[in-house]
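Reader: I have not looked at this one before. Can you walk me through it, a piece at a time?

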Amino acid sequence: MKQTLTEKLIASHIVSGEMKKGSPIQIHIDQTLTQDATGTMAYLQLEAMGIQQVQTEVSVSYVDHNTLQNGFENADDHIYLQTVANRYGVIFSKAGNGICHQVHLERFDVPGKTLLGSDSHTPTAGGMGMLAIGAGGLDVACAMAGRPFSLMMPEIVNVQLIGRLQHGVGAKDIILKVLQILGVKGGVGKVIEYSGEGILELSVPQRSTITNMGAELGATTSIFPSDIRTYEFLKKQGREEAYVELHADPQAHYDQVITIDLDQLEPMVALPHSPDHVCTVKEVKGLKVDQVAIGSCTNSSFTDLVTVANILKGKQIHPDVSLVISFGSKQVLRMLADCGALSDLIASGARILEATCGPCIGMGQSPKTDAVSLRTFNRNFYGRSGTMSANVYLVSPQTAAYSAICGYLQDACDCDYEEASMPERYTIDDSQLLQPDKDWSKEVVLGPNIKPFPVNVPLKNQLEGQVMIQVGDNITTDHIMPAGAKILPYRSNIEKISEFTYSQIDPEFANRCKQHHGGFIIAKENYGQGSSREHAALAPMHLGIKAVIAKSYARIHRQNLINSGILPCVFTKEEDYESISLYDHLCFKDLDKIAFGKPIVVENLTKQQTFLVEHGLDEKQIDIIKHGGLLNKIKSELTK
């Protein structure tokens with residue numbers, strides 16, 4: 001039988017289940033990655049499992065999000081992550097070494113392997129031909145402990161690229177075009193697989209930009225074949241022994257096929273406040289710009305930033321524009337310094353930041369009031385920049401750099417510059433990747449801000465409570481649990497960070513939950529899209545949220561709710577959402593009889609109405625919910 005590349009990689013890693021679309025399967029995980037914003041919880045969970053060392057081929061802990069040390073909290077997290085990684089056999093990437101996805105692409109990604117990361121942009125590695133999936137920290141901790149990863153067998157969408165990119169158009173414009181076609185819900189339950197003659201024109205860094213932003217489609221992952229371009233990149237990184245050729249069989253069946261003609265593709269822009277609010281730059285060109293931010297895990301490779309330097313060389317940024325640049329890795333920064341491109345960036349008036357996520361996660365560089373900020377990042381959710389009134393637009397590095405010179409939004413098609421080519425060889429320096437000695441006599445250092453992982457209670461036969469909030473479509477994990485320099489330092493302290501839950505759209509939510517001992521969340525479509533942060537489930541759980549009823553969910557957040565012991569349900573009738581109001585007293589009945597495919601009866605005691613909801617849980621997920629969360633289930637198994 002002819003197989004897609006995705007099917008081949010799943011087949012080579014499947015542990016249980018049937019490769020039938022929509023059916024639950026489990027796959028073996030070869031590699032994991034964590035980052036510091038999600039890592040402390042993941043390693044606290046790993047410690048609670050009682051294993052001696054990680055069971056994966058490679059596991060890496062990165063410090064790349066919470067690097068702004070304004071107080072002791074982040075520095076304490078860093079030393080905890082370093083000491084716990086050393087004990088359990090995890091490689092530790094120090095602050096300043098780079099962003100997890102960029103460094104992993106350079107030094108660890110291997111075609112044909114599986115990667116599970118506690119960051120939603122883990123599919124970046126799909127540019128290398130990996131089956132790379134983002135997940136919550138507890139799922140990643142389980143993978144490090146040697147447990148398989150559970151998911152639904154996805155549908156597979158084929159995006160065929162024909163032609164070649166024209167001057168002024170970048171890989172970012174390709175994924176923005178895909179987002180324009182499919183939208184932020186269009187990839188849910190699907191893998192996006194790229195093919196066609198056009199992919200041979202794309203380097204691994206360009207491909208990784210596209211797979212990185214596949215997360216904004218809601219896709220399980222995105223993937224490119226492993227071919228001559230993959231071999232070139234690995235050889236330049238001194239890792240050619242990792243190469244293996246991988247591609248789909250000719251005439252493999254896909255559930256959907258999309259064709260994009262790169263010859264006809266124009267520079268694109270995502271308008272505020274969603275990555276799929278996309279049009280051509282020409283349609284909004286001339287917009288006055290206040291800030292330009294270039295970098296993040298999406299567009300901070302060596303070739304991206306050399307192209308930017310080529311556009312800026314000998315020119316000055318517009319006096320009304322603030323240009324900030326963050327680098328993907330120390331390797332990128334060193335090579336830019338060695339080739340002179342860094343000097344060109346500095347001479348243009350750009351502000352030089354660390355090799356970290358930085359402004360992408362709201363960690364500094366918030367724009368001014370009512371600003372227009374052009375960013376080469378992957379998300380432009382409301383308030384994510386740290387300035388609630390700012391309007392953030394997502395563009396390619398080419399568009400961003402040229403607009404910084406012009407002072408207004410302008411594509412680079414008419415700009416005279418040279419597109420960067422791949423270097424002869426990348427500079428290799430792994431000194432900031434600390435290899436573990438697995439010495440259990442060394443202390444794991446826990447600072448005072450690091451609190452134990454919170455656990456839920458087993459599911460009761462009946463859940464009662466009031467509606468604590470009612471929200472609309474496309475609620476992101478940024479809405480539920482905001483990021484930024486003020487909040488991120490509390491990622492290791494669920495009790496403290498829970499105070500900020502929903503703070504940007506309902507400042508009274510946390511107090512309301514405390515006053516009424518928790519209750520329920522009511523939502524519309526695509527609830528929990530965006531980041532993999534399990535804090536968006538852990539904090540509500542700490543506040544007493546027992547269940548969520550929505551019209552649909554984003555994949556990672558739904559699983560995070562299950563792992564936290566929060567029951568995720570779906571309305572069976574559209575009108576039932578409209579019948580519910582804030583503070584309505586709901587009662588979920590007969591939960592001792594919860595079973596696969598069987599709806600749950602919910603009684604609205606306030607309105608004296610009854611309606612049905614579906615849970616969509618498979619048998620394994622039902623078992624997790626009954627235990628009150630995945631960690632409770634694991635502890636129960638270890639006790640037995």
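Author: Start with two helices: α6 passes α7 in a right-handed crossing. Keep in mind that this is a predicted model.

Reader: At what angle do the axes of α6 and α7 cross?

Author: They cross at roughly 25 degrees, and the axes come within 8 Å. That makes α6 roughly parallel to α7, because angles under 35 degrees count as roughly parallel.

Reader: Which residues in α6 and α7 meet there?

Author: From α6, Ala171, Lys172, Ile174 and Ile175. They meet Gln206, Thr209 and Ile210 of α7.

Reader: Switching to sheets. What is the strand order in the open sheet of 6 strands?

Author: The order is β7-β6-β3-β4-β5-β20, and the pairing is mixed. β7 (131-134) and β20 are the edge strands, each with a single partner, so one side of each has no neighbour in the sheet.

Reader: How do β5 and β20 run, parallel or antiparallel?

Author: β5 (residues 91-93) and β20 run antiparallel, joined by 2 bridges. Serine 93 has leucine 433 of β20 as its bridge partner.

Reader: Which helices lie across those strands?

Author: Helix α2 (residues 36-49) lies across β3 (31-35) and β4 (58-62), at about 115 degrees to β3. Helix α3 (residues 72-88) lies across β4, β5 and β20, and runs at about 155 degrees to β5.

Reader: What about β18, which strands does it pair with?

Author: β15 pairs with β18 in the parallel sense over 3 bridges. Strand β19 (residues 391-394) also runs parallel to β18, with 4 bridges joining them. In terms of residues, glutamine 291 stands opposite serine 373 in β18, and valine 372 stands opposite asparagine 391 in β19.

Reader: And the side chains of β18, buried or exposed?

Author: Val372, Leu374, Ser373 and Arg375 are all buried. Val372 and Leu374 point one way from the strand, while Ser373 and Arg375 point the other way.

Reader: New topic. How many salt bridges does a search of the whole structure find?

Author: It finds 24 salt bridges. One of them joins aspartate 430 to arginine 107, with the closest N and O atoms 3.0 Å apart.

Reader: Where do aspartate 430 and arginine 107 sit in the chain?

Author: Aspartate 430 is in the loop between α13 (397-406) and β20 (433-434), and arginine 107 is in helix α4 (residues 100-107). The pair links distant parts of the chain, 323 residues apart.

Reader: What does aspartate 429 form a salt bridge with?

Author: Its side chain meets that of lysine 330 in a salt bridge, at 3.1 Å from N to O. Aspartate 429 is in the loop between α13 and β20 and lysine 330 is in helix α11 (residues 330-339), so the pair ties together parts 99 residues apart in sequence. Lysine 330 is buried at 17%, whereas aspartate 429 is partly exposed at 27%.

Reader: Which residues are linked in a network of salt bridges?

Author: Arg147, Asp623, Lys633 and Glu637.

Note on methods
Residues numbered from 1 in each chain as written. Predicted model: local features only at pLDDT ≥ 70, side-chain atom pairs only at ≥ 80, totals over all residues. Heavy atoms only, no water. Salt bridge = Lys/Arg side-chain N within 4 Å of Asp/Glu carboxyl O. Buried < 20%, exposed > 50% of the residue type's maximum accessible area, 1.4 Å probe, protein only. Pairing = 2+ DSSP bridges. Axes fitted to C-alpha atoms, helices over the stretch in contact; angles between N-to-C directions. Parallel < 35°, antiparallel > 145°, perpendicular 65-115°, else oblique. Left-handed = near helix turned anticlockwise from the far one by under 90°. Contact = heavy atoms within 4.5 Å.
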